[in-house]
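This explanation leads the reader through one protein model, from its overall plan to particular residues. Please keep the sequence and the structure in view while reading.

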Amino acid sequence: MSKVNFRLEPALHVALMRRAHGANLSLSAFIRQVLEQAVDERKRYVFSSQDEILATSIQILSILATSVGQRSPAALEQGMAQARAILAERGLLGEEDAS
């Protein structure tokens, strides 16, 4: 296996680390898969199936949050605070969204 070294801007490095963590991959494994996708003749995004699952989950949770919010705003606020904490812990929120 060949070894490749390159430099990244700090913001790009942070963004790649977040995406790798979100995909439950090491940075090296994530970048390898992104590079494989870049040379794939089909030009298919590597994590498209995860994106479809995420989109469906967001729709379901949006409906649930609306229902809970109508019945108990306090329960909705507590759940949203817990969700923000979990997302921030996994590096899936920007610093401005974490608070």
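A residue is called buried when its relative accessible area is under 20%, exposed when that area is over 50%, and partly exposed in between. The model under discussion is a predicted one.

The overall plan may be taken next. The protein chain contains five helices and zero strands, and along the sequence its pattern reads α-α-α-α-α. Of the 99 residues in the protein chain, 12% are buried.

In soluble globular proteins, nonpolar side chains tend to be buried together. Which residues form the largest nonpolar core of this model? This core consists of five residues, namely Leu16, Ala20, Ala23, Phe30 and Ile31. Two elements, helix H1 (10-22) and helix H2 (27-39), each give two or more residues to this core.

Helix H1 deserves a description of its own. H1 has 13 residues, and from its first C-alpha to its last it reaches 18 Å, close to the 18 Å expected at 1.5 Å a residue. After H1 comes Asn24, which is placed in the loop between H1 and H2. Most residues other than glycine have a negative phi. Asn24, although not a glycine, has a positive phi of about 60°. Is Asn24 buried or exposed? Its relative accessibility is 67%, so Asn24 counts as exposed, the limit being over 50%.

Ile31, a member of the core, also lines the second largest pocket. The volume of this pocket is about 390 Å³. Among the other residues in its lining are Met1, Ser2, Lys3, Val4, Asn5 and Phe6, together with Leu8, Leu27, Ser28, Arg32 and Leu35. Sorted by class, the lining has seven nonpolar, three polar and two charged residues.

Attention now turns to helix H4, which spans residues 73-89. H4 has 17 residues and reaches 24 Å from its first C-alpha to its last, close to the 24 Å expected at 1.5 Å a residue. H4 is followed by Gly91, a residue with a positive phi near 75°.

Side chains of opposite charge can pair when their charged atoms come close. How many salt bridges does the structure hold? The structure holds one salt bridge, in which the side chains of Arg84 and Glu77 meet at 3.4 Å, N to O. Arg84 has a relative accessibility of 26%, so this residue counts as partly exposed.

Leu87 has its place in helix H4. The relative accessible area of Leu87 is 35%, and Leu87 is therefore partly exposed. How far apart are Leu87 and Gly22 in sequence and in space? In sequence, 65 residues separate Leu87 from Gly22, while in space the two are 9.4 Å apart, C-alpha to C-alpha.

Notes:
Residues are numbered from 1 along each chain as its sequence is written. This is a predicted model: local features need pLDDT of at least 70, side-chain atom pairs count only at pLDDT 80 or more; totals for chains, interfaces and linings use all residues. Side-chain values use heavy atoms; hydrogens and water are left out. Helices (H or I, at least four residues) and strands (E, at least two) are DSSP runs, numbered from the N terminus. The expected span of a helix is 1.5 Å times one less than its number of residues. On a 1 Å grid over the protein atoms alone, a cavity is a set of points where a 1.4 Å probe fits but cannot get out, and a pocket is an open set with protein on both sides within 12 Å along at least five of seven lines; lining residues have an atom within 4 Å of a point. Grid points are joined across faces, edges and corners, and a volume is the space filled by probe spheres set on the points. Ala, Val, Leu, Ile, Met, Phe, Trp, Tyr, Cys and Pro count as nonpolar, Asp, Glu, Lys and Arg as charged, and the others, Gly among them, as polar. A nonpolar core is a set of buried Ala, Val, Leu, Ile, Met, Phe, Trp, Tyr and Cys residues joined through side-chain atoms within 4.5 Å. Buried means under 20% relative accessible area, exposed over 50%, partly exposed in between (1.4 Å probe, protein chains only). A salt bridge is a side-chain nitrogen of Lys or Arg within 4 Å of a carboxyl oxygen of Asp or Glu.
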